[in-house]
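Welcome! Please take a look at the model below, and then we can walk through its parts together.

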Amino acid sequence: MWTAAIVHQDPPFHVCFPSDRMLAAWRAIERKSILLPDYTIRESTRAKHVRFKVSLADGLVIVIPAGFDHTRIPELLEEKQAWLLRSLREVERLRASMPSPDLQPLQIELPSVGQIWQLDWVETDNACISIREVDGFRLQISGPVENPAAWRAALKRWLIERGKDVLIPWTKDLSRDLDVPIQRVGIRCQKTRWGSYSSKGTVSLNAQLLLLPRELVRYVLIHEICHAVHANHSSQFWRLVRQWEPEADAYRSQLRTASQYVPNWLRSNY
Ligand SMILES: [Zn+2]
């Protein structure tokens with residue numbers, strides 16, 4: 001029997017790195033005790049059924065249709081126990097093999113543009129982290145570099161700036177090639193989406209696209225631009241996407257596991 005549930009009802013979707021408490025909970029399951037793992041509930045207006053997802057970045061996520069009765073979740077989890085155990089064990093194995101998100105990276109690879117940036121870390125008395133691009137693809141990071149939250153935030157800002165330099169002109173060029181006008185391109189560092197399109201004509205892109213292979217990024221840009229013609233995922237929409245990118249179906253499925261390209265330090269929320 002499973003009795004204790006720790007529920008994070010926290011829409012908009014909140015993702016967390018598996019916590020120590022979560023790991024302890026998983027071990028408790030393995031010993032067949034009565035704990036449930038920590039989990040995040042995400043209510044989705046599009047979901048028709050309850051779905052369970054386990055990933056390194058997000059831990060256990062339960063996607064429920066809007067209005068679904070939360071009290072039924074422990075019972076569903078119990079039914080899924082064998083699958084959960086397998087998946088959580090696999091995630092824990094992966095986590096153990098990955099560098100800590102607090103470990104300062106020595107390089108950042110941006111396959112989308114064929115760049116590898118080398119990082120130099122300099123501890124100074126300054127209150128803030130500053131990042132300077134020096135000769136070619138070198139970054140000098142100075143300030144309180146022993147503070148992971150501070151340098152992670154600074155590197156995310158740097159990535160967003162790189163994203164603006166690269167992704168905005170790339171999208172505009174493609175929009176011209178496709179002869180599909182868009183109003184604006186915005187760059188953010190998001191957890192859950194690679195890109196989106198708003199009815200006002202704005203393509204929003206995730207700066208982390210820079211970490212992906214070039215062809216996947218191109219696919220995402222084409223996908224979002226095509227939403228300016230079809231604001232849905234209808235068969236006409238996919239026909240248009242395939243017209244511009246014949247490999248669209250393959251890239252679409254590769255994108256499902258593309259978070260593997262995102263380094264550990266960038267996944268961390270803290
Ligand atoms: Zn879409």
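Strands count as paired if DSSP finds at least two bridges between them. Leu119 stands opposite Leu139 in E8.

E8 also pairs with strand E7 (residues 130-134), in the antiparallel sense and over five bridges. Here Val134 has Arg138 in E8 as its bridge partner. E7 and E8 make a hairpin with three residues between them, and Gly136 in the turn has a positive phi of about 70 degrees.

## How to read the model

Residues are numbered from 1 along each chain as its sequence is written. Because this is a predicted model, local features need pLDDT of at least 70 and side-chain atom pairs count only at pLDDT 80 or more, while totals for chains, interfaces and linings use all residues.

The pLDDT is the predictor's confidence in each residue, from 0 to 100. Its mean over the protein chain is 85, and 86% of the residues reach 70 or more. Over residues 1-18 the pLDDT is below 50, and this stretch has 40 contacts in the model beyond near neighbours in sequence. Two residues are in contact if their C-beta atoms, placed from the backbone, lie within 7 Å.

## The chain overall

The protein chain has eight helices and eleven strands. These are DSSP runs numbered from the N terminus, with at least four residues for helices (H or I) and at least two for strands (E).

## The sheet of E9, E11 and E10

Three strands form an open sheet with mixed pairing, in the order E9-E11-E10. Strand E9 (184-188) and strand E10 (195-197) are its edge strands, each pairing on one side only. E10 pairs with strand E11 (residues 202-206) in the antiparallel sense over three bridges, and Tyr197 stands opposite Val203 in E11.

Helix H4 (residues 148-178) packs on the sheet, where H4 touches E9 and E11. H5 lies across E10 and E11.

## Where H5 meets H7

The axes of helix H5 (residues 214-226) and helix H7 (residues 248-255) come within 10 Å and cross at roughly 105 degrees. Axes are lines fitted to C-alpha atoms, for helices over the stretch in contact, and angles run from 0 to 180 degrees between N-to-C directions. H5 is therefore roughly perpendicular to H7, a term for angles of 65 to 115 degrees.

In this contact, Glu215, Leu216 and Tyr219 in H5 meet Ala248, Tyr251, Gln254 and Leu255 in H7.

How values were computed:
Angles under 35 degrees count as roughly parallel, over 145 as roughly antiparallel, 65 to 115 as roughly perpendicular and the rest as oblique.
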